[in-house]
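Opened the notebook for this chain today.

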Amino acid sequence: MKPQMANHVPNLVDYIMTEKLDSTLRVDKAIEYALGHIEKFIVKDFEEFCGIGVIVTPEQIENAVEKLINENKEEIVTKRYRYNTGLLMQKVRNILPWADGKLIKNEIDVQFVTLLGPKTELDLAPPPKQDKKNKAKSDVVETKTNKPVKNELKVTEETKTALTILDVMKKLNFHKPGENFKSDEYVITENTHKLLQEHLKVKTRFPPEPNGILHIGHAKAININFGYAKAHGGTCYLRYDDTNPEKEEEKFFVAIKDMVNWLGYQPDKITHSSDYFDQLYEWAVTLIKAGLAYVCHQTADEMKGFNPEPSPWRDRPIAENLQLFEDMKNGKIDEGAATLRMKITLEEGKLDPVAYRVKFFPHYRTGDKWCIYPTYDYTHCLCDSLENITHSLCTKEFQSRRSSYYWLCNALNIYCPVQWEYGRLNVNYTVVSKRKIAKLIDCGIVKDWDDPRLYTLTALRRRGFPAEAINNFCAQLGVTGAQSAVDPSMLEALVRDHLNHSAPRQMVVLEPLKITLENFPSNKAIQLEIPKFPDNPESGIRNATLDKVIFIERTDFMEEGIKGFRRLTKSQPVGLKYAGLVLSVTKIVKDNKGVITEVVCKCVDVKEASEKPKAFIHWVSNPIEVRVNLFSPLFNHKNPEDPNEVPGGYLSDCNLDSHKILNGLADISLKGTKIYDKFQFERIGFFSVDPETTNDLVVVNQTVGLREDAGK
């Protein structure tokens, strides 16, 4: 039972004591009715809702079971006692909602024996074991604590076609619009039901602070807020929580909207917390007049900690508070000399959270109009109320603010949304703190917020991660209260799978070695037609040039082969992919330092080769230059912010060799590609065209590698 229905408890107890509520089902329905009718409890409706006085006879149960068994007779006879009788019980319950569950079960057992006879040895034998290989493992393990838990997601065929974010959102057990009062800790006032009647359609919001670039954790928040609204036919706003003008920049406003759109979502409306500064100020005055807020002169250090001593100014006169707050607004009080605090104790023991503080800093949108700015604790719930949000969805760390959220809305006698919390997403081998990323940039460890080694959304886009794969990643994580810590390989696996079906193949050589075909079968270059997707030739072709001089990977040649090496050596031929040729070495050219600069080969048609080559390698001919950015993890340890794991701090854990630049050669068909175009470089990995690409030079970023060993 919930506190909201406390006034109805005596009635429910009477019904139980008089055995009118004589089953668990009826008691559950009684609680449901009581929660839905806090103010208006109508006895006749209540008894009808709970089935009080309704009697279900054994004959009715017998007839209902017999009818359903006949309807499913063929399947029952086939499966015998392995048939799921729970389905039958549920169907009987749908027909006879007030029937006794034990009587239904007994009747089903009797009629099964009548139809099938006694159980045989085969019926009693254990069922065959399920093939574990085809069973998708859960990616998030829920725990009773908020400690990070290891993810063990395996990308199987089931995962690839698993639930979408809309499927996940449809299954969430959040309250229905208009039924806010059924939620835990929700406070009911005399105006609650009247206010809720105006909020019967799902409305959510994504409220980032415009003081940095969104990261992978925000992708989860975007998917949950926009996805929940879309799954339930509602709307979702993008609201910039712009209450800290010192750290806000125009580029962050632009980048946030860009990332929301990139993930495939369009806000129904874009708003700013600053849109409501006038109303927020008026409500602060209302709180002061009601004796629920006061001006305090304690410093931030004095207010820190749990269960601190009450402020000596907590009970100052209302008139004095009003004057001081106006002085704060008019710039007559220095920064740090005064704050406006609300009279409430949070769950975590924090006393009287700050509502307003003085900041002499012009606002990006309002200019010099204000020198006092509201805090998150004050602004968040009030903006939700002003925008008629039904579901205020946030991460678990804000659970301790839920009581102040409800208290503040009800103190002002305004509509109160419901706050729901979900587990925050953490990714290993990275940091996502805006302050720490800014430090990495300042120290020159990374170039900017979109450096592909970071896990900001702009960085992931630049690295080549498709938005669809990120959304799929969020869907597979699901929505639970448990905090999760996932390895980057989980996301990379979903990215790889998506690109494997969407990124056309291309031949690029990262470390070129010149090969001259001394008996090239043509006096001019040959144009080849190569499928963009070898497994699906109908998806299109691309043209590639084959000439007398080609270039292969330097690692695809060894002068003297070793055990297991299947590519080109002095004594071992190799095939050229798509060319239909087999190469054999006739001469090796070296410079004065002994470095191989060229290999001369003879070529034969693969159909005429004396022996089938052990491997086919990629190549380029008449190529263009391409700059290739290769990346490895930015941090050496799984938890670079953990002082136990990295005593020297996250900056000391950086892998300074995490970015490698190669000057490679690519087929000329790569010229003219667009920024963010994605390709699979055969036998190497997946790559994306970088924004630094010019008309003269193509620049690509490594997205993820291939599953297979490229050396085969």
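Below are my entries, in the order I looked things up.

Ground rules: I'm working from a predicted model, where local features need pLDDT of at least 70, side-chain atom pairs count only at pLDDT 80 or more, and totals for chains, interfaces and linings use all residues. Residues are numbered from 1 along each chain as its sequence is written, and side-chain values use heavy atoms, leaving out hydrogens and water.

Helix pair. I looked at how α21 (467-477) packs on α22 (residues 488-502): the angle is about 130° and the axes are 9 Å apart. Axes here are lines fitted to C-alpha atoms, for helices over the stretch in contact, and angles run from 0 to 180 degrees between N-to-C directions. Helices (H or I, at least four residues) and strands (E, at least two) are DSSP runs, numbered from the N terminus.

Contacts (heavy atoms within 4.5 Å). From α21 I noted F473 and L477 among the residues that meet α22, whose side includes L491 and L494.

Loop residue. I found A482 in the loop between α21 and β12 (484-486). Because its relative accessibility is 4%, A482 counts as buried (under 20% relative accessible area; exposed is over 50%, partly exposed in between; 1.4 Å probe, protein chains only). I also checked A482 against G101, 381 residues apart along the chain: their C-alpha atoms are separated by 34 Å.
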